[in-house]
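This report goes through a two-chain model, element by element. Please keep the sequence and the structure open while reading.

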Amino acid sequence: MILLQITSSGSTVSTVLFFGTIGMLALTIGLIVFIIFHQRKVIRYQMRLQRMEQDQQKLLLNASIRLQEEERQRIAADLHDDAGPLLATARLYLNENLVNLDKTTQLQSIYNAKQIIDDTIQLIRNISHSLMPPTLKNFGLESAVNDLFQKISGSGSMNASSRFHDYRERLQAENELIIFRVIQELVNNILKHSSASFIHLTQNTSGNKFFIRLHHDGRGITQSDFNKLNKSNVGLGLKNIQSRLKVLHGQIFFEKDMSQTYYKVTIELVKEEMAGPEAAL
Amino acid sequence: MLGEKAFYSEILPILFYLVFLKRNRGEGLGVIFFYCCFSWLTENFFISRLNLQIPGYVRDSGFTILEFTLISFFIYSSLRGRILRFIPLIGALIFYPIAIINFTKEQDSFDSIPASVEAILIISYCILLLYEQINDPKIIFVYNTKKFWVTIAFFLYFSSTLFLFLYARNLTRAEFDKYWTINNFFEILKNILLSISFIMKKSSKNAYPEDLEPDI
C-alpha cells in the first residue's frame with residue numbers, strides 16, 4: 001500500500017485509481033451476485049432433498065396403511081372363515097328341536113356343541129396371540145423371541161437359536177412390541193425367501209447403543225438392495241420394518257458377513273429412546 | 001452538487017430508522033443509526049454551514065477512528081462464531097496503532113493510510129459476516145435480513161473508495177475534488193442501502209414454504 005503511494009505519480013495515479021475502483025467494484029458486485037445465486041442453489045438443493053424425504057415418508061406411510069389393512073383382512077378372514085362356521089355349527093346342535101329329542105341325542109348334541117365352542121375359543125385365542133403374543137406381554141422380548149425361535153426350530157425346517165447377552169431391564173412394552181414385530185418380519189422374510197438352514201439372533205449393548213443381530217446362511221440382501229427396495233413400490237415388509245424403526249429412531253443394516261458365507265442384519269437402537277418411563281426418571 | 005446530494009442522502013437512513021423504529025428495534029441496528037447521525041454531523045457541508053472551526057485532520061482522523069469503531073462493533077455483535085469474533089478484535093489491534101500514529105504525525109494531509117487500512121479491514125469483516133450468514137441454517141434467504149443490506153452497503157462503499165483513500169494523499173487539490181465524486185456517489189448508494197435495511201420488515205418471511213419446513 002505504502003509502496004504504491006510512493007511509486008505513483010500524475011496520470012499513473014489516475015489510471016490506477018480508476019481501474020482499481022472499477023476492479024474492486026466489479027469484485028464486490030460479483031461476490032454479492034455469487035452469494036445470492038449460490039444460496040439459491042443451496043436452497044433449491046435442500047428443498048429437493050426435503051421433497052425426496054417427504055416422498056419416502058409417504059411411501060412408508062402407504063406401506064404401513066396397506067399392511068394394517070392386510071392384517072385387518074386376515075383377522076376378518078380368520079373370524080369369518082373359521083370362527084363363523086364353527087359357531088354356526090354349534091348353533092345347529094343347539095337348535096330349538098333339541099328339547100324334542102331323546103336324552104342321549106340331547107347329551108351328544110350338547111357335547112358336540114361344547115367341543116366346537118372350545119375349538120372356537122382356541123381359535124380366537126390364537127388370533128389374539130398373533131395380535132399380541134402373551135409371552136411378550138408377560139415375560140418380555142427375550143422370552144418372546146426365544147419362544148418364536150423354539151417354534152421355528154420345533155417345526156424342523158430350520159435351526160433357529162437366539163441369545164440375549166445384556167437384557168437385564170425390560171424396555172417399554174410398546175417398544176418391545178415394535179422390536180418384536182421387526183424381528184418377526186425379518187424372520188418371516190428369511191423363512192420365505194432365503195432357503196437358509198439356520199438363523200441365529202444375538203442381542204447386546206455397547207455404550208448408548210442397543211444391537212440385535214441376525215445371521216443366516218441363505219440368500220439375503222445387502223444395504224444397497226434394501227435401499228433400492230425401499231424406494232420402489234415393492235418390498236412392503238421392508239418398508240414396514242423401516243417405518244417401525246423410525247418410531248424408535250433406530251437403524252437397520254443389511255450386509256454380507258466378512259467370510260462372505262452368511263448374511264447379517266443389524267438393528268441399531270439408542271437406549272434412551274426405548275427406555276421405560278421409570279428409566280427416564 | 002453531488003456532495004450536497006450525498007449530504008442530504010445521509011438524512012434518509014436516520015429518518016427511516018426513526019419512522020420504522022419498531023421494525024428496527026432488537027435487530028442490532030442502533031449502532032448503525034448512531035453511525036449515520038455521526039456521519040451526517042461531521043459532513044464538510046454541515047460544518048462549513050455552521051462555521052465550526054475544526055481542523056481538517058482532526059475531523060478526518062476522528063471520523064475514521066469512530067467509523068471503524070462503530071462498524072467493527074456492529075460486525076462483532078453480528079458474528080456468531082466464537083473464533084470468527086476474534087477477527088474484529090485482531091483487526092482493532094492493527095488499526096488503532098496505525099490511526100493514532102498517523103493522527104500524531106501526519107497532521108497536514110488526508111488520513112490516507114488509516115482510511116485505507118479501515119477499508120481493507122471492513123471489507124474483510126463484511127466478507128466474513130456474509131460467509132457466516134450464508135452458512136447459518138436459520139437464515140434461509142440471506143437478502144431477507146436487515147443485516148445483509150447493512151453489510152452490502154458497507155462492502156460496496158469501502159471497496160469502491162479503497163483506491164480513492166489509498167491515493168488521496170498523492171492527489172492535487174483539483175484532482176482530489178474531482179475524484180471525491182466517487183466517494184459522494186457511493187455514499188449516496190450506501191445511504192440508500194442502509195435505508196432499505198431500515199425500511200424492510202423484520203425477517204418473518206425468511207422461511208421455507210410451509211410444506212417444506214426443514215427440521216432445524
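## Helix 6 of chain B and its packing

In this predicted model, the buried residues of helix 6 of chain B pack against helix 4 (30-41), helix 7 (86-105), helix 8 and helix 9 of chain B. Those buried residues are B:Asp60, B:Ser61, B:Thr64, B:Phe68, B:Ile71, B:Ser72, B:Phe74, B:Ile75 and B:Ser78. A residue is called buried if 20 or more other C-beta atoms lie within 10 Å of its own, exposed if 12 or fewer do, and partly exposed in between, with C-beta atoms placed from the backbone. Helices (H or I, at least four residues) and strands (E, at least two) are DSSP runs, numbered from the N terminus.

Helix 6 of chain B covers residues 56-78, and its 23 residues should span 33 Å at 1.5 Å a residue; the end C-alpha atoms are 33 Å apart, which agrees. The expected span is 1.5 Å times one less than the number of residues.

## B:Val117

B:Val117 lies in helix 8 of chain B. Why does B:Val117 count as buried? Because B:Val117 has 22 C-beta neighbours inside 10 Å.

Neighbours within four places in sequence aside, B:Val117 is in contact with B:Ile94, B:Phe95 and B:Ile98. Contact means that the C-beta atoms of two residues, placed from the backbone, lie within 7 Å. B:Ile94 is 23 residues from B:Val117 in sequence, and the two C-alpha atoms are 8.6 Å apart.

## The contact between the chains

The contact takes 22 residues from chain A and 23 residues from chain B. On the side of chain B that touches chain A, two or more residues each come from helix 8 (112-135), helix 9 (146-167) and helix 10 (173-199) of chain B. Helix 9 of chain B gives the most, with 10 residues.

By class, this side of chain B has 18 nonpolar, 4 polar and 1 charged residues. Here Ala, Val, Leu, Ile, Met, Phe, Trp, Tyr, Cys and Pro count as nonpolar, Asp, Glu, Lys and Arg as charged, and the others, Gly among them, as polar.

## Strands of chain A

Chain A has 10 helices and 5 strands. Of its 281 residues, 19% are buried. Among contacts in chain A between residues at least 6 apart in sequence, 65% join residues at least 24 apart.

Strand 1 (residues 159-164) and strand 2 (residues 198-206) of chain A run parallel and are joined by 6 bridges. Strands pair if DSSP finds at least two bridges between them. A:Arg163 stands opposite A:Thr202 in strand 2 of chain A. From strand 1 the chain passes through helix 6 (residues 173-194) of chain A to strand 2, a β-α-β crossover that is left-handed. A crossover is right-handed if, with the strands pointing away from the viewer, the path from the first strand over the helix to the second runs clockwise.

Strand 2 of chain A also pairs with strand 3 (residues 209-216) of chain A, in the antiparallel sense and over 8 bridges. A:Leu201 has A:Leu214 in strand 3 as its bridge partner. The hairpin of these two strands has 2 residues between them, and A:Gly207 takes a positive phi near 60 degrees there.

## Helix 8 of chain A

Helix 8 of chain A (residues 236-247) has 12 residues and reaches 17 Å from its first C-alpha to its last, close to the 16 Å expected. Its buried residues are A:Leu238, A:Lys239, A:Asn240, A:Ile241, A:Gln242 and A:Arg244. Just after this helix, A:His249 takes a positive phi of about 55 degrees.

## Confidence and numbering

pLDDT is the predictor's confidence in each residue, from 0 to 100. Chain A averages 84, with 93% of the residues at 70 or above. The pLDDT is below 50 over residues 1-8 of chain A, a stretch with 11 contacts beyond near neighbours in sequence. Chain B averages 83, and 88% of the residues score at least 70. Residues 205-216 of chain B stay under 50. Where pLDDT is low, the predicted coordinates should not be read in detail. For the complex, the predictor gives an ipTM of 0.75 and a pTM of 0.61.

Residues are numbered from 1 along each chain as its sequence is written, and chains are lettered from A and ligands numbered from 1 in the order in which they are written. As the model is predicted, local features need pLDDT of at least 70 and side-chain atom pairs count only at pLDDT 80 or more, while totals for chains, interfaces and linings use all residues.
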